[in-house]
Amino acid sequence: MTPAHAESVLAIYALGISTGDATFETDAPTWAEFDGGLLREHRFVATAPDSSVLGWVAASAVSDRCVYGGVVEHSVYVLPEAHGRGVGYALLTELIRSTEAAGIWTLQSGILIENKASLGLHARAGFRTVGIRERLGQRDGVWRDVVLIERRSSVAGI
């Protein structure tokens, strides 16, 4: 993922936001805001043969404390017309490859409980449910539950 992908990446994120079940966010950030919070070596886009962006995955540090240096949080978003074509799985597979190569031992994410497609995708990619955080936050005045998931590396030395 590079600045050349910014417009497409943010457009896909905005589509995810508009579903109401992908994030607590209600507006897409600027590219500078978005870009600034991501780990450059662990963010990828999937493209079609015409180079259009079909989806993206990105990771960010969960903490700047050294004991959490091997733990990252991630997001994955896929263009609605590319759902069911293996794009999300390919993106997660690449993220797993890059994070394991870097010695990262835990990938985690919080997924709104209604987002069954994302929960299924993550289960297929080897993530497990850690627990449900009940009424973690509100979106449009409605309290929402979040499923905390993680994937522990089998090769990162834990």
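Which element supplies the largest share of the lining of the largest cavity? In this predicted model, that share comes from α3, which contributes three residues. The structure holds one cavity of 30 Å³ or more, and the space within the largest cavity amounts to about 30 Å³. Its lining is made up of Ile96, Thr99, Glu100, Ile104, Trp105, Thr106, Leu107, Arg151 and Ser153, and the elements that give two or more residues to this lining are α3 (87–101) and β4 (106–112). When the lining residues of the largest cavity are divided by class, four are nonpolar, three are polar and two are charged.

At least two lining residues are supplied by each of α1 (6–19), β2, β3 (71–78), α3, β4, α4 (116–124), β5 and β6, and β3 gives the most, with six residues. By class, the lining of the largest pocket consists of 26 nonpolar, 17 polar and six charged residues.

Aromatic rings were examined next. A pair of aromatic rings is described by the distance of the centres and the angle of the planes. The count comes to six aromatic pairs. In one of these, the ring centres of Tyr13 and Tyr77 lie 5.0 Å apart and the planes stand at 80°, so the pair is edge-to-face, the angle being over 60 degrees. Because Tyr13 lies in helix α1 and Tyr77 in strand β3, this pair ties together parts that are 64 residues apart in sequence. Both Tyr13 and Tyr77 are buried. For Trp31 and Phe34, the ring centres are 5.5 Å apart and the planes are at 35°, so this pair is tilted. Trp31 and Phe34 both belong to helix α2, where they are three residues apart, about one turn of the helix, and both are buried. Tyr13, Trp31, Phe34 and Tyr77 form, together with Trp56, one aromatic cluster.

His42 counts as buried because its relative accessibility is 3%, the cut-off being under 20%. The side chain of His42 makes a polar contact with the side chain of Ser98, at 2.9 Å. With residues up to four places away in sequence not counted, His42 touches Val57, Ala58, Ala59, Leu95, Ser98, Thr99, Ala102 and Ile104. Among these contacts of His42 are Thr99 and Ile104, which are also named in the lining of the largest cavity.

For Ser51, phi is near 75°, and the residue is located in the loop between β1 (43–47) and β2 (53–61). Ser51 has a relative accessible area of 54% and is therefore exposed, since the cut-off for that class is over 50%. For Asp140, phi is near 55°, and the residue lies in the loop between β5 (128–139) and β6 (142–152). Asp140 is likewise exposed, with a relative accessible area of 64%.

Terms used:
Residues are numbered from 1 along each chain as its sequence is written. This is a predicted model: local features need pLDDT of at least 70, side-chain atom pairs count only at pLDDT 80 or more; totals for chains, interfaces and linings use all residues. Side-chain values use heavy atoms; hydrogens and water are left out. On a 1 Å grid over the protein atoms alone, a cavity is a set of points where a 1.4 Å probe fits but cannot get out, and a pocket is an open set with protein on both sides within 12 Å along at least five of seven lines; lining residues have an atom within 4 Å of a point. Grid points are joined across faces, edges and corners, and a volume is the space filled by probe spheres set on the points. Helices (H or I, at least four residues) and strands (E, at least two) are DSSP runs, numbered from the N terminus. Ala, Val, Leu, Ile, Met, Phe, Trp, Tyr, Cys and Pro count as nonpolar, Asp, Glu, Lys and Arg as charged, and the others, Gly among them, as polar. Buried means under 20% relative accessible area, exposed over 50%, partly exposed in between (1.4 Å probe, protein chains only). A polar contact is a pair of N or O atoms within 3.5 Å; within protein, one must be able to donate a hydrogen and the other to accept it, and residues adjacent in sequence count only if both atoms are side-chain atoms. Contact means heavy atoms within 4.5 Å. Rings of Phe, Tyr and Trp (its six-membered ring) pair if their centres lie within 6.5 Å; planes under 30 degrees apart count as stacked, over 60 as edge-to-face and the rest as tilted.
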